[in-house]
Amino acid sequence: RSFMLNNFLSFISNNLPDLEKTVLNTLISTAPIWLPILLIIIGWKLWVRYVRALFWSKQKRILLEIKLPKEITKSPLAMETFLIGLHQTGREGTWYAKFWEGKTRPWFSLEMISIEGVVRFFIWTEAAFKNIIEAQLYAQYPTVEIYEASDYTEGIFFDKDKISLMGTNFAFTKPDAYPIKTYVDYGLDKADTKEEFKVDPITPIIEFLGSMGKSEQAWIQILIRAHKKEQPKKGKLFEKTDAWQDEAKEEIEEIRKEATPKQEDPKAIAFPNPTKGQIEKIAAIERNVSKLGFDCGIRIIYLAEKDKFNKGMGAAMTGITRQFHSNNLNSFKPYGITFFDYPWYDYKDIRINKKKRRMLNAYKLRSYFYPPYQRKWFVINTEGLASIFHLPGSVAQTPTFARIVSKKAEPPSNLPV
């Protein structure tokens, strides 16, 4: 083996130009230095993935279905209060827990799905959080019913000969410090607003889901975990910073610089003179980061049997977040879409089929913050999150919206024992 290796290196050296020879010889001569470092880095990443996978394998996952009553009079503020209970930052507080035991922050998946037009709400979680979720939900929505359900994604596999699939992820168009248009902007935080005058931003999503026909399905997945100070400061390896809060300060400082008139005399002191729009933008950013934040990833999948597949759903699918857009602040944009603009980009659909398979597998595994299907997430506060996912009132009148017909009631107190 040593003889063959020497002959190979000799052949390479004799047939390469002088520059390549110099680079190759340098790499070979310095291999005792860089090779162990490279192996340590690779080994460390493999170790972290191994201990995390081992820890996750011990956590039982369940899917809770939320069945809605005929009428819900609560505003999205009730869902925002519930989401605060999901802001779980524990388990990875020490290096031992994080890198030896493989512990990670818990993450949850808030899901709205439609199977042939029947709209349903789910929360995917670890079984250990079942009681917390039920208690928090019943506290805010006493009339709902919560059941442990079988996973609707089981038995669904990508077969290009039988089903067609389309999917996308969503990201912010501006830095995370800027908020989206929320339920507060729609006036849903006011208790005295009559039901017929309410404009609920979740209604277009419910209508999209309710438009599914026979053999069609649409799945919306909102993955969340508590946001923490986890990014190292520039030039400081062990000192952590809250990128979300720091980003807000930087954006506010930029706005103030824009609002400060330039002075011809460099010694003259200039004060910011912001416009009304700039003042409102600063106030919106400060209000946004004053609430609890979640790392968040959103993906949506539309699938159907090949003869029932509607290609026009692509535009509807990428447009269901427009009601949350704000021209001056933040909005959503799709990315990682599972189709190409021109057929010559992908010979025989090899790449597109691979993307579709990965998208479906990532959805089924609820993978977003960690491998195997890690994606770039954004930070959103509880108000924005509650605007996207909350239990709608009777203003959402989709005929196939699954609701509980009867109300729960306590038994009479005078029943015989």
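## Salt bridges around K291

E80 and K291 form a salt bridge, with their closest N and O atoms 2.9 Å apart. E80 lies in helix α4 (residues 76-84) and K291 in the loop between α9 (276-289) and β9 (293-305), so this pair ties together parts that are 211 residues apart in sequence. The model is a predicted one. E80 counts as buried, at 5% relative accessibility, whereas K291 counts as partly exposed, at 24%.

K291 also forms a salt bridge with E383, and here the closest N and O atoms are 2.8 Å apart. This pair links distant parts of the chain as well: K291 sits in the loop between α9 and β9, E383 in helix α12 (residues 382-388), and the two are 92 residues apart. E383 is buried because its relative accessible area is 2%, under the 20% limit for that class. A network of salt bridges links E80, R287, K291 and E383.

## Other salt bridges

The count of salt bridges comes to 13. One of them joins E101 and K103, whose closest N and O atoms are 3.6 Å apart. E101 is partly exposed, with a relative accessible area of 33%. K103 is also partly exposed, with a value of 27%.

Which residues of helix α6 are buried? In this helix (residues 130-140), they are I133, E134, L137 and Q140. They cover an arc of only 140° around the axis, so they are on the same side of α6. The exposed residues N131 and A139 are on the other side of α6.

An α-helix has 3.6 residues a turn, so residues three or four places apart point the same way.

## A nonpolar patch on the surface

L27, W34, L35, L38, L39, I42 and L46 form a nonpolar patch on the surface. Together they have about 630 Å² of accessible area. Helix α3 (residues 31-57) gives the most to this patch, with 6 residues.

W34 is found in helix α3. Is W34 buried or partly exposed? Its relative accessible area is 33%, so W34 is partly exposed. Residues in a patch need over 30% relative accessible area, and W34 has 33%.

## A patch of negative charge

The surface also carries a patch of negative charge, where E250, E253, E254 and E258 gather. E254 has its place in helix α8 (residues 243-259). With a relative accessible area of 41%, E254 is partly exposed.

How values were computed: Residues numbered from 1 in each chain as written. Predicted model: local features only at pLDDT ≥ 70, side-chain atom pairs only at ≥ 80, totals over all residues. Heavy atoms only, no water. Patch = residues over 30% accessible without salt bridge, like charges linked within 9 Å, V, L, I, M, F, W, Y side chains within 5 Å. Areas by Shrake-Rupley, 256 points an atom, 1.4 Å probe, with all protein chains shown as cover. Salt bridge = Lys/Arg side-chain N within 4 Å of Asp/Glu carboxyl O. Lys, Arg positive; Asp, Glu negative; His and termini not counted. Charge placed at Lys NZ, Arg CZ, Asp CG, Glu CD. Helix = DSSP H or I, 4+ residues; strand = E, 2+ residues; numbered from the N terminus. Buried < 20%, exposed > 50% of the residue type's maximum accessible area, 1.4 Å probe, protein only. Arc of directions from axis to C-beta.
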